[in-house]
Protein chains: 6
Amino acid sequence: MKVLVISPVARRPEEHLPLGGLATAARPGTSLEKVYLDHGPASVEGELDRALATPGVVIRACEAEQQGFDAVMIYCVADPGLQEARQAVHIPVVGAGQAGMLVGALLGQRFSLVSPLSSSILFYENQSKVYGLEGKLASVRAVDIPVLELDHAPEVSMRAFAQASVQAIEEDGAHVIVLGCTGTTGWGPRIAEELESKGYPGIPVVEPAICALKLCEALVDMGLAHSKRTYPSPRVKPTTGYDRLYDLLMTLEH
Amino acid sequence: MKVLVISPVARRPEEHLPLGGLATAARPGTSLEKVYLDHGPASVEGELDRALATPGVVIRACEAEQQGFDAVMIYCVADPGLQEARQAVHIPVVGAGQAGMLVGALLGQRFSLVSPLSSSILFYENQSKVYGLEGKLASVRAVDIPVLELDHAPEVSMRAFAQASVQAIEEDGAHVIVLGCTGTTGWGPRIAEELESKGYPGIPVVEPAICALKLCEALVDMGLAHSKRTYPSPRVKPTTGYDRLYDLLMTLEH
Amino acid sequence: MKVLVISPVARRPEEHLPLGGLATAARPGTSLEKVYLDHGPASVEGELDRALATPGVVIRACEAEQQGFDAVMIYCVADPGLQEARQAVHIPVVGAGQAGMLVGALLGQRFSLVSPLSSSILFYENQSKVYGLEGKLASVRAVDIPVLELDHAPEVSMRAFAQASVQAIEEDGAHVIVLGCTGTTGWGPRIAEELESKGYPGIPVVEPAICALKLCEALVDMGLAHSKRTYPSPRVKPTTGYDRLYDLLMTLEH
Amino acid sequence: MKVLVISPVARRPEEHLPLGGLATAARPGTSLEKVYLDHGPASVEGELDRALATPGVVIRACEAEQQGFDAVMIYCVADPGLQEARQAVHIPVVGAGQAGMLVGALLGQRFSLVSPLSSSILFYENQSKVYGLEGKLASVRAVDIPVLELDHAPEVSMRAFAQASVQAIEEDGAHVIVLGCTGTTGWGPRIAEELESKGYPGIPVVEPAICALKLCEALVDMGLAHSKRTYPSPRVKPTTGYDRLYDLLMTLEH
Amino acid sequence: MKVLVISPVARRPEEHLPLGGLATAARPGTSLEKVYLDHGPASVEGELDRALATPGVVIRACEAEQQGFDAVMIYCVADPGLQEARQAVHIPVVGAGQAGMLVGALLGQRFSLVSPLSSSILFYENQSKVYGLEGKLASVRAVDIPVLELDHAPEVSMRAFAQASVQAIEEDGAHVIVLGCTGTTGWGPRIAEELESKGYPGIPVVEPAICALKLCEALVDMGLAHSKRTYPSPRVKPTTGYDRLYDLLMTLEH
Amino acid sequence: MKVLVISPVARRPEEHLPLGGLATAARPGTSLEKVYLDHGPASVEGELDRALATPGVVIRACEAEQQGFDAVMIYCVADPGLQEARQAVHIPVVGAGQAGMLVGALLGQRFSLVSPLSSSILFYENQSKVYGLEGKLASVRAVDIPVLELDHAPEVSMRAFAQASVQAIEEDGAHVIVLGCTGTTGWGPRIAEELESKGYPGIPVVEPAICALKLCEALVDMGLAHSKRTYPSPRVKPTTGYDRLYDLLMTLEH
């Protein structure tokens, strides 16, 4: 099965990053391809970035359907373009944020989402309502490190996430931690160890990007995709300044 | 006071429409100016259109703050760019959707939103949750007439809205009707009359665009704007393909 | 437009207070008149006071409708008589409490209400449910100063409100403050300054009485009033001890 | 044990009714006394009536505490004065409405309240929220017979209640019926039989007045009363027009 | 009236305990009989114990119906077998947990449940949702003393419950305390005194086992039992390893 | 990876069924083994059956952990023993019900669960609350065919499920269908076709057993299991009549 991984940021070809932990998480038989956007923000850290990424994500999803991919995953916990791409295509589209929250809901009574910046706390609270999971959300916490600086000093960042996770457990009643940035993919086991060393063994630390990949695999295996009653195909009509998207939608419609 | 009315659609200058019912609704001392977007959809009928309108709405809001407007209103019940523009500027930004729902909540136990197309039902349900008003929402109903065709046969459209309103009252328990498209501005009293003639007197029919204008006036009078704790200013950082927006955010920051 | 301001307390003519900050908040063209009750409590600080004020508020609302007022506002955050007056009359009736909570909901993710006495905390929690806004209420906090003593040492009272607001922000996650007593009308900007000086800029401090006035103006402008499906006219029938009210209801019915 | 039954309506001595079904429902050792109000409405059918009854109910509750009663019950499903009386006295005060809803919640997944007039539907919906039982309320239905006419043709009224109960079961998913008027006390078994004859056996039909009596007996047996943290004693202060109440509160305070 | 008290633990005859505080709480005319299970856990402290007790509780409830008991109460706050026994029999079945929570809801705005072990916190949170009372639950707290050790040093245990109750009041906003173990029956007044001595007078301390007894008495008095629409009789069919239960269900069916 | 499939019913060896659709749904590298219970019901159709199955499910889960299985799935939408088995073991335990509901939540706005018998409607409503998904549940519907008769006339049963699904879409607003019995595994595509032929294309029909398998695979791939803070290991203590279970728990503890 072929899964397209959309990184919802604009980045020049020479800056493209490899799949990293995601590649090793794919099971045999799953082939991954990663793409970036032509237009979009440098990182997704709030409502505005998310909006700027959305048109590009829909374009990439349409291209994926055209090119025969079996599923699309959005490599960002803010899920930019998730609802919109689901309207545009019929193949499954999975966002890291919704995937991570659902796995968090599966594994315990309440989860906390630990994210890089406090500017996205409101957004994640609202998303949990849209996904129908607000009753499972213990809290959203932030470590106040910009996304693009997370790997400047990974040990420091990791400890900051572990520290915020401890606070989520002690003060907010979290039973599960969901990492709030795909930039932390691969850190889960290390943070779980930290939690164990601080007296909290048996706390799952969920990595949303990997959850999204696993749910893509699961949906393709099951032959399921999102409901077209929830995500009806958009009526295609003229737009100004989004020619590439318009052309793709016109093509897919026929 | 000066209020900018942002119509979140791209339209050539020769197609610009006058303010219509909104002009007469402004009180003496309120001056209105209406703008369209350079890039965006032809109409807003679902999640995707909304996303395409958002960058343009934020640009217009930034320009309004630069040019000394006292407040901004978004002339669309889907509130494209509402959260994002509030992050970008300090002057009040009011969306027709949130304004109409709040007035609906003020006037009765439960309101129904009657919108042109069923493709936006999911969206309005989700918005009511984000606005914290899901407990007041009786239902979202659609008349299945595209936005741009509403005024092809206004009498027919108006009767369709009245008919859907009757169903909302009878089947969903609505006590108040909120019209789900700014394209219906001015139809309220006619629809209320229709409801009265069908045995439902005393049902307020709320016109969201006018509510947004009235709330702009009220907020400016009171010297209040949205909380910067909910809508923190975005960190300005490079984007690809949104130069105008980037320049505006850089300017406003200084 | 003529708006009647009902202060829901009994007070001898020589003790009547002027309109204060409310007068300057009215826009040109709005004329205000303030009345007190013949029978009622000295101040409204809990469920029982609220009940004692209700018959008098309904009487004043009926008189307002008879005398051609365009709208009525109840000058008290506990909204005594709001539901009952809406049943009795057709002109808009706005309570400071509901108005302040709705504006709080408009401006941010969560608001806290800061009130004089803890005896009304339960009441405000319940009202937020009745108004469908419990999901937006971060907390109710009290400064423990009786209403009638608020202006004995206004500086002290104001600092107490600011202090409780800081706690609401830090401990309860409030993004907006709603002042829980009309006796604080005019203190908003000062409290907002205090908050800014304590490290919390950009927090709106909402004054419910002014919100009620602005919503009265807005509703009259829009030609809207409360739903008669939510607030059906009461069947008029004999009562003992409420002759004045009975006569008014009889008159309005015909 | 001595329980005072407060009928929250004003009625001349010659019109006082006996205890009826309530007397036979009391267990041996419980002595009941029934009182009416000096001032108040002729019947309680909406928010306004409820407000008019409240001061009188508090007066009667204070008198009961003075005279050594063990508990007070309010003989009306609208629970006028329930919160206020609990603030004023320390002996248990039970309202028929809250009692009936709690027993409804005990006996099945969802209950419907069937009340005389539709003017109280909104009120009961709101009360269920205040009592924390909105998730158990399937619906409120009305038979549109005024309270004082319920016993003009009891057979007709009873059939109307049974018919509305059937609709509540079939259309609203009710599993339990709570009768929404104390004027129907004694009708429960007959209505349950009707339901059985219409194909719905095993549906409890709850009579709120009897529930209130049983909860009074239970609370006195257990030595429990309402929390003074929820219902703090009111600060006693001057009122105009409520001298009797003021005197009682002053006396109880010392 | 005859009420069967089912202690949902397996215990040899020589270990059976007398009724204790429950006996004195019964009113004249109520005769109690206490039984244990043949198969089951030694104490109920979590989901698993609860599951092991359930078949035995249903057996005892069936026997009670066969033998002419008027009602059954389950002497355990975890309510093992409550739903299942209600399906099997027509006489009222009351669980201490649901009874205690309902009385907690009756007496104040929010109650906290104080239980022996933290292993049951999750369970009680979930039960409050199933009973529709999650909005009234301030918190569940645990003293971390196993059920069977509660009476090793009753003074120590009692103080631990009082201490946890103080924390529930101060940190969680509890207005009422519900004791989370029937092993504490009789401790209520002592804990209430402790709370008073620590500055919290007027806090009801609810003993669930006694509440269950009182609700049994109330239901039998009122001739009410659980809804057969919520708890339909099970289709009787072969089981392996539960012969006694199967035989009883077969007998009751005919 | 080795996954144990626990069918929570007692069945003699000669009656054991093959894995059926589940076998083909497993990906290469996943080996499945199916077991039945020694003691338990013949089928799971309500609360009582579920209780009778629970001890046996926990036994099978303990054995699986002892024997080196990587995960356990419960082959029943009622999830008997899910919470209890998670307390007992550290390997992931996935129930078909929770798995199906989570996938339903992933794929659309609201799902309906279509189950064999109406006796389990209440149960599924409650489970959706325990899983935090009540806001996504449109309804539970039943076809009124006992579980063990589903395959007597599979075509009839399938049409009944399709018919109930159509009602869920039309009357309850379902966007996704979750089949409420593992006995329907394999019917999904056929029912989806039926829905398409009746005018409802693009409706996912979710098969919970396959979802459980896919989530087992995903969790094992990710190295995640349930939170031990939500599901703490039970204190092992004597039980009567559950020797096998006691021995297993004792063994696993060391």
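Predicted model: local features only at pLDDT ≥ 70, side-chain atom pairs only at ≥ 80, totals over all residues.
Chain A contains 9 helices and 10 strands. Its radius of gyration is 18 Å, close to the 18 Å that the globule rule gives for 254 residues, so chain A is as compact as a globular protein of that length. The C-alpha trace of chain A spans about 60 × 35 × 35 Å along its principal axes. Of the 254 residues of this chain, 63% count as buried. When contacts in chain A between residues at least 6 apart in sequence are considered, 76% join residues at least 24 apart.

Four strands of chain A form an open sheet with parallel pairing, in the order β7-β6-β8-β9. The edges are taken by β7 (137-142) and β9 (205-206) of chain A, each with a single partner strand, so one side of each is left without a neighbour in the sheet. Within the sheet, strand β6 (residues 111-115) of chain A runs parallel to strand β8 (residues 176-179) of chain A, and 4 bridges join the two. Helix α6 (residues 154-172) of chain A lies across β6, β7 and β8 of chain A, and runs at about 145 degrees to β7(A).

Chains A and B were then compared. The contact between them takes 36 residues from chain B and 36 residues from chain A. On the side of chain B that touches chain A, two or more residues each come from β3 (40-41), α2 (47-66), α3 (82-88), α5 (121-130) and β10 (239-240) of chain B. Of these elements, α2(B) gives the most to that side, with 7 residues. Of the interface residues of chain B, 100% are also interface residues in chain A, so the copies meet through the same surface.

In soluble globular proteins, nonpolar side chains tend to be buried together. The largest nonpolar core of the model holds 583 residues, of which B:Met73 and D:Ile177 touch the most other members. Apart from its neighbours within four places in sequence, D:Ile177 is in contact with D:Phe111, D:Ser112, D:Val114, D:Ser165, D:Ala168, D:Ile191, D:Ile203, D:Val205 and D:Val206.

Methods. Residues numbered from 1 in each chain as written. Chains lettered and ligands numbered in written order. Core = buried A, V, L, I, M, F, W, Y, C linked by C-beta atoms within 7 Å. Buried ≥ 20, exposed ≤ 12 C-beta atoms within 10 Å, placed from the backbone. Contact = placed C-beta atoms within 7 Å. Rg over C-alpha atoms; globule rule 2.2 N^0.38 Å. Pairing = 2+ DSSP bridges. Axes fitted to C-alpha atoms, helices over the stretch in contact; angles between N-to-C directions.
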